[in-house]
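Please read them with the structure open.

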Amino acid sequence: MLTNEVQKLDLKAGGSLLSKWLNHARKGEEDILFIIGAGLSMTGYNVAPSGWDVSNMYENYLRAQGEVIPGSISGDIAKLYEYFCYPTIDGERQFSMDQHNNFIKCITTNRGQHRFIGQPNFQHRSLINEVIESKGRVRVYSLNLDAYFEVAESISDDLESDIVINVSDLLDKSNKENIFREWRILAAHGKNNINTRSVWSESLLTRPLSNDFPEYLEGEKKLLEKSLNCIKNGPNFNKVVFVGLAAPLTYLMTSLKNKVKDNFEWAWINPYDSPKEWVYKDTEKLFNNENGYWLKNSLDDLLWFAQAEFYERWLSVSCSINQDKIPLLDKYKSDDLKPTFVESIYRARRIYDVGIEKFLTAHSNFESIKVLNKNNHIYKYPGLDGNYKFYDSNLGFALHKLYIKNIELIQNSNEYAPNLTVAGRQFDANPISAHIFKFDPTVPEDKVANGIAITFDGVIIQPTHRHIIVIDVKYDQFINNLIKAIFEAVKERFPNEYMYIDVVKVEELEEFLNDQNFTKPPVRARRP
């Protein structure tokens, strides 16, 4: 048994490894397969219950019904399911849909912090985005509890078609159809719905499907056969990542060994348990201690770290300086601040990039502005232009220059930081709010300017609370007209406060900041 010999990686090393693998997939260089158990519940904070919790729920339900539970199956959800959902009737074991429905109702009942419906967490949103941005070079083989992926899919902006597939929808399809090659995220054991079959039985999970099985398991077996056809018809994988798995997946390993490339690598992500013996049981020992890693952290933490590492490079490229010369990054060196850093940067990028659309609708639907503050969106990466600069490099540059003047990146808005503030000096005698936007020069300046002015309704604007609007326009000939239009719109809406709102071109921001004394009102607002 090689379990204890697998190289263990801490958060920094594990996050960097995962970041490297995902980056190769986004570049189209490698294929990665994530094999995920129990809805990610064992890999970090999530509202879904773990396999252990599900087992307890079901066992408590059975005892309340007066059932006697043999000691040999107690505590094992797969054994419990097979024993009670396939009762012996007239001397033969048969599937009972009634017992199955009782099982589903029991384990999907909301209890305490555990739920099977609701908003997906960062893990689901991130993996959905990795699948999208890698154009399918990242694939996810998810077990039963996958409802969160469907919710995450529904809030993505870039989907051309459904990428979350329920294996039960493939039962009537020929294995030659495109879906068996082009699947992206697969609910490989079915879904936990009433009157719908799903895979739980231990006998199927722990043996190759080529073995002989009792006839009563045929329904579950057909689901797994379709899932394995997705694996067989999919790409060969450079990397395989096991996440939050407890139950043996021997049936899968038998097929998977034929779908990995030479010199492939694998990782086991689980903060509690080391890699299980069933990973090593293949006779060829393809999965071994020499090509494997145990990442002893939650997937949640590893993804935060990987994205933080990406945005550190993003800032470095945007500012054209080394990371160790960017003071903003010093604030987020500790691991527990990585999520704050990623969410704040991504929020700033959304406001910078999507703000223009919201300004045009603000006059009729001000609630649209609040959408930019939500963190339930998919975490898209910034793209590169032909010069290997990020399209939103000017945002990174502006955040760096503002931070040097103690105008810091913020995560959420409040009374000191209105909805569209991306950086600010808060809880200070002279708070400052900075708003950074990119504009499409084809949109009429007056509409943009009016939209911006409306967003300041209800915002504190006074000599001791100034605002800086930093604008980025691709074509310089349009920028002066836009600045003029913004000034006029703000002056009309706030005739007594407009002088405390500055509008600056992004390329002139550094000069502007160097000329300001933020302990005093702007020069144009001072009395002679």
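1. Are Glu30 and Lys239 buried or exposed? Glu30 is buried, and Lys239 is buried too. Keep in mind for this and every later point that the model is predicted.

2. The side chains of Glu30 and Lys239 form a salt bridge, with 3.0 Å from N to O. Glu30 sits in the loop between helix H1 (11-26) and strand S2 (32-36), while Lys239 belongs to strand S8 (residues 237-243), so this pair ties together parts that are 209 residues apart in sequence. In general, side chains of opposite charge can pair when their charged atoms come close. The structure has a count of 14 salt bridges, and two further examples follow.

3. Glu309 and Arg313 make a salt bridge in which the closest N and O atoms are 3.9 Å apart. Both residues are in helix H11 (residues 299-319), and because they are 4 residues apart there, about one helical turn separates them. An α-helix has 3.6 residues a turn, so residues three or four places apart point the same way. Arg313 counts as partly exposed, because its relative accessibility is 31%.

4. Another salt bridge joins the side chains of Glu508 and Lys505, at 3.7 Å from N to O. How does the accessibility of the two partners compare with the cut-offs? Glu508 has a relative accessible area of 36% and is therefore partly exposed. Lys505 has 12% relative accessibility, so Lys505 counts as buried, the cut-off for that class being under 20%. Elsewhere, salt bridges with shared partners link Glu30, Lys239 and Glu265 into one network.

5. How many cavities of 30 Å³ or more does the structure hold? There are 4. The largest cavity contains about 70 Å³ of space. Its lining is made up of 10 residues, and those closest to the centre are Asp440, Pro441, Val443, Glu445 and Leu482. By class, the lining of the largest cavity comprises 8 nonpolar and 2 charged residues, with no polar ones.

6. Strands S11 to S15 build an open sheet of 5 strands, in the order S11-S12-S13-S14-S15, and the pairing is mixed. Strand S11 (408-409) and strand S15 (501-505) are the edge strands, each of them pairing on one side only. Within the sheet, strand S13 (residues 432-439) pairs with strand S14 (residues 466-473) in the parallel sense, over 8 bridges. Phe437 is found opposite Ile471 in S14.

7. Helix H3 (residues 77-85) is mostly covered, with 7 of its 9 residues buried. Which residues of H3 are buried? They are Ile77, Ala78, Leu80, Tyr81, Glu82, Phe84 and Cys85. The N-terminal end of H3 is capped by Asp76, which has a side-chain oxygen 3.0 Å from the backbone nitrogen of Ala78.

8. Glu277 is located in the loop between strand S9 (260-269) and strand S10 (292-295). With 44% relative accessibility, Glu277 counts as partly exposed. Glu277 and Pro248 are 29 residues apart along the chain, and 8.6 Å separates their C-alpha atoms.

Conventions. Residues numbered from 1 in each chain as written. Predicted model: local features only at pLDDT ≥ 70, side-chain atom pairs only at ≥ 80, totals over all residues. Heavy atoms only, no water. Salt bridge = Lys/Arg side-chain N within 4 Å of Asp/Glu carboxyl O. Helix = DSSP H or I, 4+ residues; strand = E, 2+ residues; numbered from the N terminus. Buried < 20%, exposed > 50% of the residue type's maximum accessible area, 1.4 Å probe, protein only. 1 Å grid on protein atoms, 1.4 Å probe; cavity = no way out; pocket = protein on both sides within 12 Å on 5 of 7 lines; lining within 4 Å. Points joined across faces, edges and corners; volume = space filled by probe spheres on them. Nonpolar A, V, L, I, M, F, W, Y, C, P; charged D, E, K, R; others polar. Pairing = 2+ DSSP bridges. Polar contact = N/O pair within 3.5 Å; in protein donor to acceptor, adjacent residues only side chain to side chain.
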